[in-house]
Amino acid sequence: MNDYRTQFVVAAEPAKVFDAINKARDWWTGDVEGASDAVGAEFTYRNRDLHFSRQRVAELAPGARVAWDVTEARLTFVQRQDGWAGTRILFELAPKDGGTEVRFAHLGLTPDCECYKACSGGWAYYVDGSLKQFIETGRGYPPLS
């Protein structure tokens, strides 16, 4: 239970939230290449020369769950640059108060990880901020600098 987690409720149906998550390039801003909308699909995320990761879509349960397995990583701002490799990025959705509760976890990103402070701050920006705004308005945040 030490994995990074966050959650929020948004005034949108689970199907809309599910679709938004699967449009990673619209809210996880930076350079996103590849597909994120089919099980087995792979995509990469790059933020300048600081962060590169490759994700494989592991699970897609429409309106309920999205899971990406991180298969490769290079974080140049820490000593252990491959710290994300072998971790899982998970979104779980549930109807709540006429909207959807989004529960996010980066399984394997724990406080003892060298990048925890920077990465948890990044996830707060992208998930709690950019993804939520993208669901509500159709526009995510600009890339985190």
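Guide: Start with Phe43, which stands opposite Gln55 in E4. E3 and E4 run antiparallel, joined by 6 bridges. Strands here are DSSP runs of E with at least two residues, helices are runs of H or I with at least four, and both are numbered from the N terminus. Two strands count as paired if DSSP finds at least two bridges between them.

A word on the ground rules. This is a predicted model, with residues numbered from 1 along each chain as its sequence is written, and local features need pLDDT of at least 70. Side-chain atom pairs count only at pLDDT 80 or more, totals for chains, interfaces and linings use all residues, and side-chain values use heavy atoms, leaving out hydrogens and water.

Back to the hairpin of E3 and E4. It has 3 residues between the strands. Arg48 sits in that loop. Its phi is positive, near 50°, and Arg48 is not a glycine. Arg48 is partly exposed, because its relative accessibility is 47%. Buried means under 20% relative accessible area, exposed means over 50%, and partly exposed lies in between (1.4 Å probe, protein chains only).

Gln55 also looks the other way along the sheet. It stands opposite Val70 in E5. E4 covers residues 51-61 and E5 covers residues 65-75; 10 bridges join them, again antiparallel. Another facing pair here is Leu60 with Val66 in E5. E4 and E5 also form a hairpin with 3 residues between them. In this turn, Gly63 has the positive phi, about 75°.

Now widen the view. These strands belong to an open sheet of 7, ordered E1-E7-E6-E5-E4-E3-E2, with antiparallel pairing. E1 and E2 (31-34) are the edge strands, each pairing on one side only. From one strand to the next, the twist averages 20°. Axes are lines fitted to C-alpha atoms, for helices over the stretch in contact, and angles run from 0 to 180 degrees between N-to-C directions.

Helix H1, residues 14-21, packs on the sheet. It touches E1, E4, E5, E6 and E7. Its direction makes about 160° with that of E6 (88-96). Contact means heavy atoms within 4.5 Å.

E1 spans residues 4-10. Tyr4, Thr6, Phe8 and Val10 form its covered face, while Arg5, Gln7 and Val9 form the uncovered one. E1 pairs with E7, residues 99-107, over 7 antiparallel bridges. In that pairing, Arg5 stands opposite Ala105.

Between E6 and E7 there is a loop that holds Asp97. Asp97 has a positive phi near 50° and is not a glycine. It counts as exposed, because its relative accessible area is 73%.

Last, the cysteines. The structure holds 0 disulfides, a disulfide being a pair of cysteine sulfur atoms within 2.5 Å. For Cys113, the closest cysteine sulfur is in Cys115, at 5.9 Å, so the two are too far apart for a bond. Cys113 is partly exposed, at 24% relative accessible area. Cys119 is buried, at 6% relative accessibility.
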